[in-house]
Each structure stands twice: as C-alpha cells, then as structure tokens.
Amino acid sequence: MAAPERIEELKSAALAEVAAAGSTADLEAVRIRYLGRSAELTEIKKSIGSLPPEERREVGGAANLASGKVEEALSSRTEELAAAEREGRLRREAVDVTLPGVPYERGSLHPSQRVIDEVVDFFVGLGYGVAEGPEVETDYYNFTALNIPPGHPARGMQDTFFVDEGLVLRTHTSPVQIRTMLSQEPPLYIVCPGKTYRRDSDPTHTPMFNQVEGLAVDRGITLSHLKGTLAAMSRHVFGGDAGIRLRPSYFPFTEPSVELDVSCFVCGGDDPGCRVCKGAGWLEMGGAGMVDPAVLSEVGYDPEEYTGFAFGMGPDRMAMVKYGIPDLRLFFEGDLRFLRQF
Amino acid sequence: MRVPLSWLHDYLDFDLSPERLAEVFSLYSQEVDGVERFGVASGEVVVGEVREFGPHPNADKLSVAQVDLGGQVVQVVAGAPNPYPGSRVPVVLPGSTLSDGRKLRKAKLRGLESYGMMMSERELGISDDHEGILLLDDTYEVGRPVDDYFPTGEVVLELDITPNRPDLWGMIGVARELAAILRTDFRLPEPVFGTGGERTREYGLRVEAGELCPRYDLRRVSGLAPGGESPVALRRRLFAAGMRPVGPVVDATNYAMLETGQPIHAFDAEKVRGGIVVRRAWEGEEVELLDGSVRALDGGMLVIADEERALALAGVMGAGEAEVSPGTTDVLVEVATFEGRNVLETSARLGLRTDASGRFERGLDPEAVGYARDRVTQLLQESCGGSPAEDTLSHYPDPAEPSVVSLRLERAELLLGMPVEDDEAADRLKSLGCKVRREDGRLRVTVPTFRGDLTREPDLVEEVGRLIGLDQVPEELPASALPGGLTEPQERVRLLRRLLADLGLSETITYPFGPDRWERDLGFGGGDAPGGPVQVRNPLSAEGRNLRRTLLPGLLDAAARNRSYGVRGGALFEVGRVFDPAPPPEDRREAALQFRMTGEYDAGEEVSGSRLLGVEERGRVGGLLAGTVRPAGWNMPEYRAGFFEAKGLVERLVPGAVFLPPGEAPPFLHPGRSATVLVDGAEAGWVGEVHPEAAERFGLGDWSVAAFELDPALCRPDPVTGFTPLSNVPAVNMDLAVVVGAGVRAGELLEEVSALDTPLLAGVRVFDVYEGAQVPEGRKSVALSFTFRGEETLTDEQVKEEMDRISGRLSEAFGAEVRRS
C-alpha cells in the first residue's frame, strides 16, 4: 500500500480508538500504539529520509498532519476523560451532609449570672467599678453600720443565718458598700454583685439568692439621678420600652426609700391575663433610695457635702422575668435540662 | 395589717373603687398586698320576719319559710333549720351579687320558688359561722335595710406595713395617712363615757422596772354584764380585720387596739391580789400563758404581776392567773407602753409573736395611751354595760415631747431632684399631723409623738416627696466621669466562666451549706468531728448546717440529681466560695467580738484576713465531669469522665501548671488518679477522679467521676505574655522510644530532659506509652518526639549529638533502654 493511504488508514484507526477509549489509561495505550517509539506511523516518519525526495514531502506532510491530528484528539479526549474522572472521584467522595459534625459541645452560663453580667456591663459603661466582699460577714458590717443597730425592728425584716457570735451569712450585699466606702473617698460609683442568704424557703424564696446592689456617692446626687439610672438600666436589660415607677418604701440605710417597679415588657400592662406581670402591668425589681446620712457619717463622709443613692435588685427574679422561668428553685438544683437552656 | 374600708369611713370620706384605693395607697404610702371582699358585693339585704317555717316537701335537708319583708310576704327556701316563726332574719333579695361572685335570682329549689336567701354570718361577712341563719333581735325593724344597722358587705385592704410606721398598725393611723394622700379632712371622734364604777385606786400600781415601761395606765371598769357576745357591728369588724371574737371584754380591748394601734390588756379584778406590779421576771419564774404553754422566764423579761404572782408577760401575752372569763364582772384595764427592744427580745427568745408584741416591738408612742384608754373604756360601757371608775392610776414620769425638726427646702430639692414649693411642703407635713412654722428660710416642723420615725431632715424630705408624688421626680443621669471597669481578678473570673462554658461545661450555682452527710460521704468525719466545718447555728434544717469546704459535694449532689432524671452523664462547673474555720486564738476572742459587733479594732491588729473574722473564706472554681459526658457519635468515640479529661481542662485553665502526685490525697479523691496542681510553685488546687467509694456514697454508683478545684487567682484563662520573635530556620523532629520501669512517670522523663542544658531543644512531647508484647514484664515503652532548632539550619551531626546526650541521660537516670527511630 502506498504510504499516504496507509497514513490515512492509521489516522482513522487511531482517531476511532481515541474516541472509543474509556479511560486515560486506555488513551495512553492508544498513544503508545500509534505515536510510540515503535508505532507504525513513527516508523513511517523515521523512514522518510530514505524515501525519494519527490515522495518525502508528500509522505512527510501527511505523516505530520496525521500525528498532529491524533495528538490533538488524544489531548482533548484526555482532558475530557480526566474531567469525567475527577468528577467521578468527587461524586464518590460525597458524604451524607445530614450526619452531625464533629461535636464541639456548647456549655452554658447560669441565667442569674447572665443577668448579673448584663447589669454589671451596663454600670461599667457608666463608669462604675465592681466591688465584692465576704459572704460570712460581721454583725457590724451587715447591720449596725447600715443603721440597723442591735434590737432595731428592721432586723426582723431579714431572717438571718447566724454562724457565730457576731457573725452571719450576709443578708444583703450592702456590707460591701460599707467596706468600700470605708476604704475609698468619694466620689464613688460601684456595683456589688454577690450571693446573699436569708432564712426563708417557700416557692418564691430560696435561702440563698443573688443580689446586685449599686451605690453612687458624689456632690449633688439626687433621687432623679437614681430614677434616671435605674430607668436606663431597665431598658438595657429588658428592652427599649421598659419604663420604671418608684413607690415609697422603708430601709434603715436609705432616706427617702423607694421600691422600684419596671413596666411589664411583655404586655405593657395591656393584658389582664399576662403570665409575667399577672395583669398588674408592673414588675417589682428591688429597693432603692438616697443613702441615709447616718450611713454616710458612719463611714466618715460628710452628709452635708455628699449625697448618694443606693439600690438593690434580685438578678434571680430578673432572670425569671426575662426568660419566663416559673420556679425560683430551679436555679440552684444543677439540673442540666434547665442549665443547658442558657 | 387588714383594713376594712367601712372602718376608715368613721374618720374620713372618700369615694374610690377598692382597686384604685389600693393603687393610690401603694404609690403614696405602703404596699397593698391584696384586696379581699366579704358579704354582699352589691344589692339589697332587708330585715325579714319569719311567719311560717317548715320542712321542704321535696328535700330532706331544706326548709321553706314565709317571710314578711315589711308589707310583702315572700317564700324563701333555706338550708338551715334554726329560724322559727317570729324570728327576724336578714334576707338578701334577688338581683344581688355576693362577694364570691354568686348572683341571686328568683329561682326554684326542688320545685319551690325561693325569693332571695336568708343569710348566715359567713355569708354576711360577720364571722366564719355557717351553721345556721343569723337571727336578729327585736331592735332590727322589719322591712328596713340591714345596712342601716351594719354593712352587709366589706372590702378589706391588706397592707404590708414597714417597721418604721407603727402608727399604721391602727385604723386611725391608716385613715390619717389616707386623708393626707387624698388631701381631704380627717376627723377623730372624742371618746365619751360616764363614770361611777368601783374605784381603780382600791388596787395599787407599782412600776419597779421603769426603764422597760415608760408608761403604765390602769382603769377599772366594774358592773360588767357577764357572758354573751359582742354586738354584730363590732364582731364583724374584728372578723374582717383578721381577729377572732372571744367575748365582749376581750373583743372590746382588741377592737380598741385595732382602732388605735395600742395593745390593751384586761385583768379580772377579782383575781388580782393587792395590786399591779410591773417588774422583771425572777430568774426561773414559770408562768402559764393564755395559749396554755408554760414558760420559764429570766430577769431580762418584763412581767405584769400582782403582789404574789405573774399575771402577764408584758406586751406579749396574758397568763391564766387573772384571765378574763365569761363570768367576769370587774376588770382592770391596762394601757401601757413597753420598751420595744425588750419586747422584741422576749418574744424572739420564747418564739412567741402576738398581735401585741408585733406592735410593741416597733416602739409605741406613750402619748397614744390616753386616747386608747378612754376609747376602750367607752367600748366596755357600750357593749358590756360596765361602769368605768372615775379615777385612773398612771405611771408616766417622763412625758414624751413632740420633737422639732428643721427642713431646708433647698435640701429637699437636692435630695429629691425636683422643685419643692414652700407652701406645698408645709401643707403636706400639716396633713400628717405636724405643726409648721417658717423661720430663717426654713420650715420648723413640730412632729407629733405618734410619728417617732420623723427625727431628721431627710425623714421629712421623704414625707414631702412621697406625698407630692414620686412620679413627679424626673429621670436624669449623674454627670460622673470616673473610669469604671472590672478589676483584673474580676475579669479573670469572667473569662474563666466563659471559657468553661465554651469547653462544654454548664455553669451551676449550688447551696454552700449542706448536711452532715456531705462531710461523711466525702470521707471526712461528721459535721461535729474535730476540725469539722464552719456551721450555721440556726439552719432551716439539718440539711443546711455545714458550710462547704470544697465545691465538690454540691456538684456531686447535682450530678446525682441529674442521674436520677435519667441522663447518662454531664459536665458542670461552679465559681463560688468555700469556708474553713479559723477561730481566733483565745487571747483575741474579745478583740474578735468587738470587731464583729462594732467594726473597731486596735491599731496594728490584722483584720484583712480571717484572724478576727473567725472564718477563712476563699474563692474557688470547680468542675465536675460525670459518667458519659458525651455519648459516642457515628464518627467519634464516647467522651467519658476520667482523670485526663479533667486534667485537660485544668491545663487549659492554667497553662504551664505542674501536676504532682499528692503526698496524701484528700479522702474524696482516687489516691492513684489525682494530682496537686502547682503554679509557679504555689498550690493552685487539685484535679483527679473522685474516689469510687465517695462517688458511690453520693449516689453516682458505677459512674466514673472526675473533678478539679482551683484558686481562680492562679488561673490564666487568657495567657498572653508578650511577643516572641518568629524563627524562619527550619526545625528538625526526632523521635525516641525509651523502655523504662513501669513505675517511672512521664513527667520525670521530661524533667530529666529539661534539666539538660540543651539550647537547641525547642520542644518535647510524649506521643505514645505502651506496655505489652515486645516490652518486658514490669516495663513500658514511652515514645518521645523532640523538636530541635538553632539559629542556623542544624546539621545531622548537631542533632545526633543532642539526641545522644538525651538518651545517655535517660539511660543513666532510669536505666532506660533506648530505641531510636
């Protein structure tokens, strides 16, 4: 057979095999068979030099053209097959994305602590410091320095746990205010979070509970400052619409003394059957007032020069309201079903 | 304090709904706990006369009556059998509504029409008596509304009176307060009575303990009609105010107390021998009180006695000896003021609180005695037919004087943060019973003796402020410019809490006091054992007696509770205080007590610590891993509580901590699986598996439990120290396996390595520990991976030299057989 025809034949055969190849390995075999060192086409190319000059051009051109075509087909088919194979591999690698990931389990923060952190952060933003003190406290710091001397009827307001003569589990965090005032000069702006204890146990009282108290002593502090501060704090913790209301009250360490109510952030007072405020429209948040001059004098501050306000709130109760928790006792049982919700 | 609104109408006029009244009282004075209704809420009750009365033909338990309502005879079906023809009864007419919400209609009861209902005392709000229909006497005119005689409905406000306002423990005080709030007139009826009874001074009066009894008045009322019961109008008020009618004499004293706030006691004069003596109890004196209990008294307690024996525990409760009985016709009425603190202490020591002691302990006004004395005299005459003596005996050596307090308006404005008008302030104070004069630009306020709580300027400011209205106070923020923020330790605790939560633990708060079981189950002695815990003297129950010395028992209890709820395990943490006894040395006991009671201590005395406090209180962060913290997943093994799980947490909280096997592990820890945690040589706490027997005792059975407890001050949750320059010189890693005795600890190997002065060694870690085949019995293979880095790329010789030094050292120190890979 004449070389050009043979070349044409080889080219057609090669192209057909390329098209039929099912894998890159098959293609490699095709390449070796038609373009390899000992392939017929290669042999033809090698033999060109020995051809008569008039044939060289024709055979050389046909051979190069043919091998070029085959190479081209090989390369494009290789690319095709490689792509298909890559795709296939990815397909095989597919996972069930609905299976869970590697667990990085989330723990939780106690709801009361969450409220305490929020309240503390709010006051830190206003320039308050945070003060702490012991839970086993002396009679003096817990009562007498707060204008509740022995025999004062107000001692009966707080059922006290006694540890030793003159030693109690603190009934409020107010002794921290005393300790701080005794060690610092005014102006003074502090919040005091901590655990407190009263001899009381029923569905709405636990013998231990959390408190956050605050104290601001400066020149020209007024009840309006207390009201403004507590209103802003309530909006921070309960949301933008919360309003507050003060009612008269009595504490031996403040004069005037007030109770703090926050408007119900759930119903705003519009729902007589509201689960949060029971239709009252207001939620009791704590007590407050202007620091009694007897307390200021006791710590060596001049009550004519300085005035101050103090307040105390129950973060446990605030958390009950904020998260809709019906029972205070849940707070201190370590029940994971409860804790993990926060 | 329960306040029937009909009673207030004796002293002022008002026209507000009970709900509005409650709100107003809460906003301007005292908290109102509730509003309660009795009797007929709306409608009509008339006096009827029973004409015929007989059994209901269709029902065994019902009766039927024909009742004359004054010109109209109606048929009424009744549930009680006590009326009879001719008896007068209250009949509530159809269309009326009872306080419990029932609405009355003309109705057929078992086939017979009933026009309204004949009423029991309970249905009228007179008492709890529901045995029969209330029978009225002849003074009730047939056909007239019963309300002409006494109110058939009542609304009671329940006030929560603050301890500074004993004046509000009587209806008169509440009425005065309400009048001030409503800015209306208040009137106080003058007691009127005739005299002519036996003379009081036939008895003596001797006050021996004047310091406990500022005033003691005695009046005799004789010729009392024995027996019977108090008039309905009086009884129903007592009932609405929460007291039980006893008999006419006692009812009268109680009624006058509710009205005035002044407790009053009546003695049967015939049983009093010689006269009344107010004295301290004799040591060990025993007295049988009206509640039947026999109390042993001491010299700190005040008794009212006659010449022979105690007749009453002053201000608390009467004794049986001179008790008024139904046959009593002659009484000595005591109206007195006892020192409040003494009454408080006596009632606290005996665990006996009464209506009287609750009032006295707040400190009553001796000036109020006169009015109350006259008022009860009037009542004893009106409702018991008694004849008051003309004379009274009185011990009142130092009459109370009204105090005078100055009020500067600018000071009021400063405290309240709102404008206060001169006239407004004066008017508000006058409405409370003060007299006000203007002097030198300030108000000179004469405070009535019944307001003993108003002694200083800010006390007056409070009164003015609340009566103007706290809603008038504007909202402002103080203009402070102080740097605030958390201190470093506070910030650290917050980071610790967040970190532990992020590591999968749940924050919990547990009670710091627990039962004796805690101590025993942890492996200590009981709560009372020597060296035992700090104890609460008056716990709510024995369950809360011992203060915790570690956070562990609370966490273990919590784990056990969770286990009982069906979980398979969990992870908890708590930040809280623990308490250790630190009793002051014998020679400092006195100083300690002084410090505790007065805050005073000698210069140079150590007070910052626990020395005078007697309790050492420390902050702790504790964690507990229990059972299967996380079950196996499709791609993860289960996460069970164990030593290394807990240790890993500690390593995260305190990077660089050193873990030492404890010399002697606390009894609650597994002795072979626990460690002391050291930070820079200081003991920071412990970590370990809980002793299996302790876990068992806490009800955790077959669960593995691991825990840690650390001093937060030594934790470093965010351990950033500064910048270390980066090196681009490649590091060389070399592994080494050493076979050592099974008892050699990895930490010892690492310590030995780090003791070598090897500047090229950049790090070493243990990556495998193996015991078993190919390793001789009693030995183990520990595989270590070393990282070397120099200032320039290290040569093989340099690295080999280092590795030779290391293996040589380990062979020498531990007889280690070295296999290099």
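So, to get going: in which strand of chain B does Asp391(B) lie? It's strand E22, residues 387–395, with strands (E, at least two residues) and helices (H or I, at least four) being DSSP runs numbered from the N terminus.

Quick housekeeping. This is a predicted model, where local features need pLDDT of at least 70, side-chain atom pairs count only at pLDDT 80 or more, and totals for chains, interfaces and linings use all residues. Residues are numbered from 1 along each chain as its sequence is written, chains are lettered from A and ligands numbered from 1 in the order in which they are written, and side-chain values use heavy atoms, with hydrogens and water left out.

Back to Asp391(B). At 12% relative accessibility it counts as buried, meaning under 20% relative accessible area with a 1.4 Å probe, protein chains only. Leaving aside neighbours within four places in sequence, Asp391(B) is in contact (heavy atoms within 4.5 Å) with Arg199(B), Thr200(B), Arg201(B) and Arg219(B). A polar atom of the Asp391(B) side chain sits 3.0 Å from the backbone nitrogen of Arg201(B).

Now Arg362(B), which is in the loop between helix H7 (355–360) and helix H8 (368–384) of chain B. Arg362(B) is buried too, at 19% relative accessibility. A polar atom of its side chain lies 2.5 Å from the backbone oxygen of Gly358(B). Beyond four places in sequence, the contacts of Arg362(B) are Pro163(B), Pro166(B), Trp169(B), Arg353(B) and, from the other chain, Pro153(A).

That takes us to the interface. How many residues does each chain bring to the contact? Chain B gives 93 and chain A gives 99. Together they bury about 8200 Å², 57% of it on carbon and sulfur atoms; that's accessible area (1.4 Å probe) lost on being put together, summed over both parts. There are 11 salt bridges between the chains, a salt bridge being a side-chain nitrogen of Lys or Arg within 4 Å of a carboxyl oxygen of Asp or Glu. One of them joins Asp117(A) and Arg498(B), at 3.4 Å, N to O. On the side of chain B that touches chain A, strand E29 (residues 569–581) provides the largest share, 10 residues.

Last stop: helix H15 of chain B, residues 589–598, where Ala591(B), Ala592(B), Phe595(B) and Arg596(B) are buried. Down the axis of H15(B), the buried residues fall within an arc of 130°, so they line one face of the helix; the arc is taken from the directions from the helix axis to the C-beta atoms. These residues pack against chain A, at strand E2 (136–138), helix H6 (139–142), strand E3 (162–164) and strand E4 (167–169).

Definitions and conventions:
Buried area is the accessible area (1.4 Å probe) that two parts lose on being put together, summed over both. Buried means under 20% relative accessible area, exposed over 50%, partly exposed in between (1.4 Å probe, protein chains only). A polar contact is a pair of N or O atoms within 3.5 Å; within protein, one must be able to donate a hydrogen and the other to accept it, and residues adjacent in sequence count only if both atoms are side-chain atoms.
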